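Student: Could you take a close look with me at one part of this model? I'd like to hear about the packing of helices.

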Amino acid sequence: MLPFLLPVLLGLNAFITALPEKDDPIIKKARKIHQKVLTLDTHADAPIMMQKPGFDMGTTHDTKRDASQIDFPRMKQGGMDAMFFAVYTSQGPRTDEGHAEAKRNALNQFDLIHKALKKYPNLAELATSPEDAYRIQKAGKRAIFIGMENGYPVGKDLSLLKTYYDLGCRYMTLTHFANNLIGDSPTDPDGPMYGGLSDFGKQVVPEMNRLGILIDVSHVADSTFYDALALSKAPVIASHSNCRALCDFPRNMTDDMIRAIAAKGGVVQVNFVSDYLKKPSDAHRAAKTKIRMARVGKVPSAQMEARIQALSDSVSKVYASERASLTDIVDHIDHIVKLVGIDHVGIGSDFDGGGGVNGLEDVSQIENLTVELTRRNYSEADIAKIWGGNLLRVLGRAKVSP
C-alpha cells in the first residue's frame, strides 16, 4: 500500500463507521435482501405462549413485559415470512396414562394454532408445502407450518402419525430431553434404553417417510441419530441444533454428524439458545440443566410451570454476562458452511422456548441476522438459501414411497 493512502483509507473507514444506521451501506443492502428473500424459521415455540390464558397471536406483545417473542404483527414487523410452530410436549411417564395425556396436550396445541389462523385469516395462513410458503409470502401474509417437538404423543400407536400429519405436522423431533418409546435421548438422566432407535422407532421412521413428515434429529442421542439416518429414505433435518465443535453439548451436532446430514441431502438449522451457542460456566450449565429436566417424568401442572418460570428468570439474571450474541449465531453458520457448503444450513430460532441472544431478542429483530450475514460477505443467493431455501428444498423431498 502507498503510504500516503493510509490516512485517506483510515478516514474513510472512520466515516463509514460513524454513518447513521439508515446510511450504512451494509444495512441498506441487507434490508433490501431481507425484504426480497423468503425467511423461514423451523423451530418456534409459540404454542407455549398460546396456551396461556388471554394470549392473542394477533396482538403485538412486548418481550420485556410478558416474555413472549412471537406474534403475527411482530413477524410482519421483522420480515419473518414463515415459521414452524412447534407442538411441544415435555417427556412425562412412559405409561398408557402418560401417553394419553401427551396426545391430549398435542391435539390441544394443534387446535390452538388452527383457531389463531382462523381468527386472523388476513394475517397468517397454514402452510404444509414449499408451494404454500411462496404463495402465502406473495399474498403478504405469514406462512405457519407445524412441527412436533418430541414423539412422546405418538405413544405406541403408529396410526397417530397420520392423525398429526392431517392436522399439518411436517416434521417430528423423535425424542426430547429424555428417552421415549421411539428411541434414546442424549440427556436422559438414567442413560440409554435401547442403544439408539427402539424396535417401535424403527417402524416410526419409515412411516414418517411414507407420509411426508421430516425426521428431525435435534434432541436425539448420537446412536439414535445414526440409526434414523441409516433407516430414513428421505433427507433428515436438525430443526434447532448447533455445532458441538464450537459449543460442546450433546444437544449439538458433531462435525461428522453434520457431514452425514449433508451427505443425505439434509440441513442443520442453527439455534438461538445461548448455552448451545457459547459454552457457559459449569454452574450456569448445571442450573439450566436442572430447569430443563424439571418436567421429565412428570405430568405438568400450572404450579410446576410457575416454579420453573421463576427459576428460569432468576438464572437468566444471575448469568446475564454469559449470554451469547448475534455474532455467535453466525459463527455456527460459518462453521457449517465451511464444513459442508451453503446448501445444508438454515435457521431454527427456538424463540419462546429459550432462544434469544444479545442483538436478537424477538422475531421483530430478525433482520439483524441478515445484516450480520451481509457483513460477513454472504451473497443474496446464499442468504436466500440460509433463510429458507435449503429447508424448503428438503421439505419437498420428505415423502418417499415404501
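Tutor: Happy to, and we'll go one pair at a time. This is a predicted model, where local features need pLDDT of at least 70 and side-chain atom pairs count only at pLDDT 80 or more, while totals for chains, interfaces and linings use all residues. Residues are numbered from 1 along each chain as its sequence is written, and side-chain values use heavy atoms, without hydrogens and water.

The crossing of H2 past H16 is right-handed (the near helix is turned clockwise from the far one by less than a right angle). On the H2 side, Ile26, Ile27, Lys29, Ala30, Arg31, Ile33 and His34 take part, and they meet Glu367, Thr370, Val371, Thr374 and Arg375 of H16 (contact is heavy atoms within 4.5 Å). By class, that makes five nonpolar, three polar and four charged residues (Asp, Glu, Lys and Arg are charged; Ala, Val, Leu, Ile, Met, Phe, Trp, Tyr, Cys and Pro nonpolar; the others polar).

Now move to helix H11, residues 255–263, which packs with helix H15, residues 326–340. Here the angle is about 60° and the axes are 10 Å apart. H11 passes H15 in a right-handed crossing. H11 brings Asp255, Ile258, Arg259 and Ala262 to the contact, and H15 brings His335, Ile336, Leu339 and Val340. That contact of H11 with H15 counts five nonpolar, one polar and two charged residues.

Terms used. Axes are lines fitted to C-alpha atoms, for helices over the stretch in contact, and angles run from 0 to 180 degrees between N-to-C directions. Helices (H or I, at least four residues) and strands (E, at least two) are DSSP runs, numbered from the N terminus.
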